[in-house]
Amino acid sequence: MKAVPEPFQQAGRQAMQWAQQLAQHTESPGMLTRTYLTPQHQAAAAALARWMEEAGMRVRRDNAGDVIGRYEAAPGHESAPAFVTGSHFDTVRNGGWYDGNLGIVLPLACIARWHRQGQRFAFPIEVIGFAEEEGVRFKATLLGSRTVAGTFDQAVLENRDSDGVTMRAAIRAAGLDPDGIAADAWQPGSMAAFVEVHIEQGPLLLNEDLPVGVVTAISGASRFMAEVHGLAGHAGTVPMHLRRDAAMAAAEIGLYIERRCSIKPGLVGTMGLLEVVQGAANVVPGLASFSIDIRAEDDSDRLAAVADVKAEIDRIAARRQVQVALRQTHEAASVPCAPRLQAALAQSIAAAGWPVRHLPSGAGHDAMALAGLADVAMLFVRCGNGGISHHPDETMTEADAAIAAQVFSHLVEQFQP
């Protein structure tokens with residue numbers, strides 16, 4: 001493979017240093033937790049704004065708290081639609097340094113190099129630090145990107161955090177105007193493309209010894225909460241053939257989800273929550289609850305799996321003489337990445353001397369929200385430790401950051417609006 005030129009090594013080092021500095025803004029000493037519009041979140045926003053200004057950008061904030069830096073176009077091209085990039089700077093509880101944050105600081109490091117060189121393009125570049133993507137504090141996701149896309153749901157302004165503070169009040173306390181969010185939507189035609197840089201949050205690139213990959217689509221997702229109502233009884237006196245065991249019904253459903261979602265690559269199913277409600281060691285469970293999360297790159301694969309799971313739940317419930325109440329909590333269609341942008345990313349990876357790997361994203365990202373405004377694409381960057389993410393052991397290397405900076409720089413420099 002080609003050696004990475006020193007300017008990109010420098011950009012990679014800078015991005016890693018900024019990610020480390022962002023990690024100091026945390027609500028929990030010893031771990032990284034940064035939730036929407038807390039003082040630590042506001043401090044991170046201020047740091048991003050400062051770095052954007054130092055990179056030669058004009059900085060503004062919208063009323064959702066997004067931090068937006070604009071690197072102006074070459075003279076005569078000021079009104080051209082912008083090449084837009086970015087990601088989120090909120091985190092899950094006890095999260096990692098690079099999820100979201102990398103997609104802000106890596107483009108900034110590239111822009112800082114162009115600024116030092118006096119290089120401008122036939123289009124402006126905008127970097128958005130989305131204020132909220134994870135949904136931790138107010139249980140509503142993608143607040144920043146939905147503000148930009150004009151799809152922010154005003155109803156979530158009444159959501160409350162664990163202290164009873166409404167989102168509306170938190171926004172006002174941060175010096176922003178919740179009533180101005182609708183007007184912060186970007187106009188159609190203002191964005192030429194949106195390209196998000198993100199760690200893979202999975203093991204494929206790591207296992208194949210590849211530093212970067214091209215995302216084909218962001219998987220759609222269907223989520224449910226279920227309650228199984230059986231009949232509680234004494235563990236020693238109720239014969240096995242007469243039991244209406246809620247926990248065993250839930251377990252059988254979980255095993256079916258595992259089998260059904262293993263039959264096709266790109267389809268995944270998870271029972272992330274499973275609880276025997278008021279269970280005891282000597283009681284046949286009468287009530288159990290569980291979650292279902294089914295995702296796929298292809299919506300038809302996902303919806304077929306959901307239909308099969310629902311049908312199997314009915315069969316299991318009838319055979320075990322239990323009732324299952326199923327409530328859908330989330331539904332999101334798959335978002336395909338634009339073929340022209342996938343091709344441009346692939347060309348940039350090949351130009352850097354690496355094999356091109358295409359892969360889907362099983363996780364949701366801010367790019368999903370922006371697909372109605374412009375073509376979107378994603379560059380995945382390898383992460384270590386088996387691909388673990390949303391965890392303090394999340395990691396990546398400075399060498400991979402340098403390669404990502406090289407690929408991203410080539411993409412921008414060759415971009416045709």
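Biologist: At roughly what angle do the axes of α3 and α11 cross?

Modeller: This is a predicted model, where local features need pLDDT of at least 70, side-chain atom pairs count only at pLDDT 80 or more, and totals for chains, interfaces and linings use all residues. Residues are numbered from 1 along each chain as its sequence is written, and side-chain values use heavy atoms, with hydrogens and water left out. Helices here are DSSP runs (H or I, at least four residues), numbered from the N terminus, and axes are lines fitted to C-alpha atoms over the stretch in contact, with angles from 0 to 180 degrees between N-to-C directions. The axes of α3 (residues 102–117) and α11 (residues 398–413) come within 10 Å, and they cross at roughly 60°.

Biologist: Is that crossing of α3 and α11 left-handed or right-handed?

Modeller: Look at how the near helix is turned from the far one, by less than a right angle: anticlockwise is left-handed, clockwise is right-handed. For α3 and α11, the crossing is right-handed.

Biologist: Which residues of α3 and α11 make the contact?

Modeller: Contact means heavy atoms within 4.5 Å. From α11 come Ala401, Ala404, Ala405, Phe408, Ser409, Val412 and Glu413, and from α3 come Leu106, Pro107, Cys110, Arg113 and Trp114.

Biologist: How are α7 and α8 oriented to each other, roughly parallel or roughly antiparallel?

Modeller: Helix α7 (residues 246–260) packs on helix α8 (residues 299–320) at about 150°, with the axes 10 Å apart. Angles under 35 degrees count as roughly parallel, over 145 as roughly antiparallel, 65 to 115 as roughly perpendicular and the rest as oblique. So α7 and α8 are roughly antiparallel.

Biologist: Thr35 sits in the loop between α1 and α2. Is Thr35 buried or exposed?

Modeller: Buried means under 20% relative accessible area, exposed over 50%, and partly exposed in between (1.4 Å probe, protein chains only). Leaving aside neighbours within four places in sequence, Thr35 contacts Glu27, His41, Thr91, Arg93, Val136 and Arg137. With a relative accessible area of 4%, Thr35 is buried.

Biologist: And Ile403, what does it touch beyond four places away in sequence?

Modeller: Ile403 is part of helix α11, and at 5% relative accessibility Ile403 is counted as buried. Its contacts, not counting residues up to four places away, are Val4, Pro211, Val212 and Trp354.

Key. Helix = DSSP H or I, 4+ residues; strand = E, 2+ residues; numbered from the N terminus.
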